[in-house]
Amino acid sequence: LYGEFCQACHMPDGSGGMGASLIGDKHIYPRITKDTGWFEVVFGGASGAMQPFGLRMTQDQILRVMAYVRTLTKK
């Protein structure tokens, strides 16, 4: 799922490119430090280039991608 929906902008390792870095402690959208806020950004989008994925992914898929991204921060 991450490869299909996220890695083009956030890079395979989550380090960012066209999209923000998903690893590390600095965040463009501070609310993503909490799971609820992160889900809201993925589901509904945010200002800038982050598009909403609520119509392209199920809620379960969004949660699975969030869990996967958490593994990237541990590497």
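Is F43 buried, exposed or partly exposed? With a relative accessibility of 34%, F43 counts as partly exposed. Welcome to a short tour of the aromatic rings in this predicted model, where three aromatic pairs are counted.

- F5 belongs to helix α1 (residues 2-5), while F53 is found in the loop between α3 (35-44) and α4 (59-73), so their contact ties together parts that are 48 residues apart in sequence.
- F53, in turn, has a relative accessible area of 11% and is buried.

**A charge over F53**

- F53 has a further neighbour: the charged end of R56 sits over its ring, 4.3 Å from the centre.

**The pair F39 and F43**

- For F39 and F43, the ring centres lie 5.8 Å apart and the planes meet at 15 degrees, so the pair is stacked.
- Both residues are in helix α3, and because they are four residues apart, about one helical turn separates them.
- F39 counts as buried at 19% relative accessibility, whereas F43, at 34%, is the partly exposed residue from the opening question.

Terms used:
Residues numbered from 1 in each chain as written. Predicted model: local features only at pLDDT ≥ 70, side-chain atom pairs only at ≥ 80, totals over all residues. Heavy atoms only, no water. Phe/Tyr/Trp six-rings, centres within 6.5 Å; stacked < 30°, edge-to-face > 60°. Helix = DSSP H or I, 4+ residues; strand = E, 2+ residues; numbered from the N terminus. Buried < 20%, exposed > 50% of the residue type's maximum accessible area, 1.4 Å probe, protein only. Lys NZ or Arg CZ within 6 Å of the ring centre and 35° of its normal.
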